[in-house]
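Here is my note for a colleague opening this model for the first time. Please keep the sequence beside you while reading.

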Amino acid sequence: MTQCCINPSILSADFVNLEAELQKIRNADSVHVDVMDNHFVPNLTLGLPVVQRIQAVSPVPLDAHLMISDADRWAPGYADAGVASVTFHAEASIAPVKLARELRSRGSKAGMALRPATAVEPYLDMLPELDMLLIMTVEPGFGGQAFLDLTLPKIRRARAAIEGSGVNVAIQVDGGITEETIVRAAEAGANVFVAGSAVYGAADPADAIDRLRKAGSL
């Protein structure tokens with residue numbers, strides 16, 4: 001496994017003062033940008049023009065999580081914008097292998113996300129095409145939800161498959177990550193952690209990142 005990475009989600013940040021909010025997390029590994037279209041998920045956040053502006057001012061790389069329909073059409077534009085890592089949902093892609101290859105060809109790392117109820121087994125043969133597998137630990141769409149422990153066995157199966165295949169694929173978890181739940185997720189095999197409320201709800205977001213990184217480093 002690679003080192004523990006903390007990617008704060010700006011879904012919990014002050015959208016009116018995003019540039020200042022980004023400066024608070026300069027010690028993060030990446031900033032997790034939640035793109036929602038009010039179709040794939042019942043929430044609407046921001047799109048490519050805003051992501052391009054975030055890209056221009058962020059002190060850390062961008063980790064874009066596209067919770068949008070028709071990912072095959074829209075995801076490559078985020079790679080073209082210079083986003084370091086672009087994650088699309090398996091449930092929103094008709095040709096996920098082709099899309100992952102296209103993202104990589106345009107200079108981004110390719111990530112694929114699975115909802116809590118989506119089985120990982122049908123996608124294990126895709127692992128060599130991916131840089132990261134995102135296993136949602138809440139239903140995508142809103143921040144502040146409680147961690148779903150029922151996702152832990154899926155994380156373990158994904159980690160076993162990755163180690164068995166010898167590929168270098170990170171496992172990211174997103175949803176309900178706190179200093180307590182990050183330990184369980186790390187023990188199951190995750191190594192990249194998205195945290196929104198636990199970071200931006202803290203008095204000192206940078207200190208919260210450091211505490212999470214310590215808790216998640218096994």
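1. Start at V33. Leaving out residues up to four places away in sequence, V33 touches I10, L46, V51, I54, L62, D63, A64 and H65. A contact here means heavy atoms within 4.5 Å. The model is predicted: local features need pLDDT of at least 70, side-chain atom pairs count only at pLDDT 80 or more, and totals for chains, interfaces and linings use all residues. Residues are numbered from 1 along each chain as its sequence is written, and side-chain values use heavy atoms, with hydrogens and water left out.

2. V33 also matters for the core count. The largest nonpolar core has 67 residues, and I10, V33, L133 and F193 touch the most other members. Such a core is a set of buried Ala, Val, Leu, Ile, Met, Phe, Trp, Tyr and Cys residues joined through side-chain atoms within 4.5 Å. Buried means under 20% relative accessible area, exposed over 50%, and partly exposed in between (1.4 Å probe, protein chains only). Helix α5 gives this core its largest share, five residues.

3. Next, the sheet. Eight strands form an open sheet with parallel pairing, in the order β1-β8-β7-β6-β5-β4-β3-β2. At the edges are β1 (5-8) and β2 (31-36), each pairing on one side only. From one strand to the next, the twist averages 25°. Axes are lines fitted to C-alpha atoms, for helices over the stretch in contact, and angles run from 0 to 180 degrees between N-to-C directions. Helices (H or I, at least four residues) and strands (E, at least two) are DSSP runs, numbered from the N terminus. Two strands pair if DSSP finds at least two bridges between them.

4. Look at β6 (residues 132-136).

5. Now the partners of β6. Strand β5 (residues 109-114) runs parallel to β6 and is joined to it by four bridges. In this pair, M112 stands opposite L133. Strand β7 (residues 170-174) pairs with β6 in the parallel sense over five bridges. There, M132 faces A170 as its opposite residue. From β6 the chain crosses through helix α5 (residues 152-165) to β7, a right-handed β-α-β crossover. Right-handed means that, with the strands pointing away from the viewer, the path from the first strand over the helix to the second runs clockwise.

6. H89 stands opposite A113 in β5. Helix α4 (residues 96-105) lies across β4 and β5, at about 165° to β4.

7. Check the loop between β5 and β6, where A117 sits. Is A117 buried or exposed? At 73% relative accessibility, A117 is exposed. G144 is 27 residues from A117 along the chain, and their C-alpha atoms are separated by 19 Å.

8. Finally, the cysteines. How many disulfides does a search of the whole structure find? The search finds zero. A disulfide needs a pair of cysteine sulfur atoms within 2.5 Å. The sulfur of C4 has its closest cysteine sulfur in C5, 6.7 Å away, too far for a bond. C4 is buried at 9% relative accessibility, and C5 is buried at 17%.
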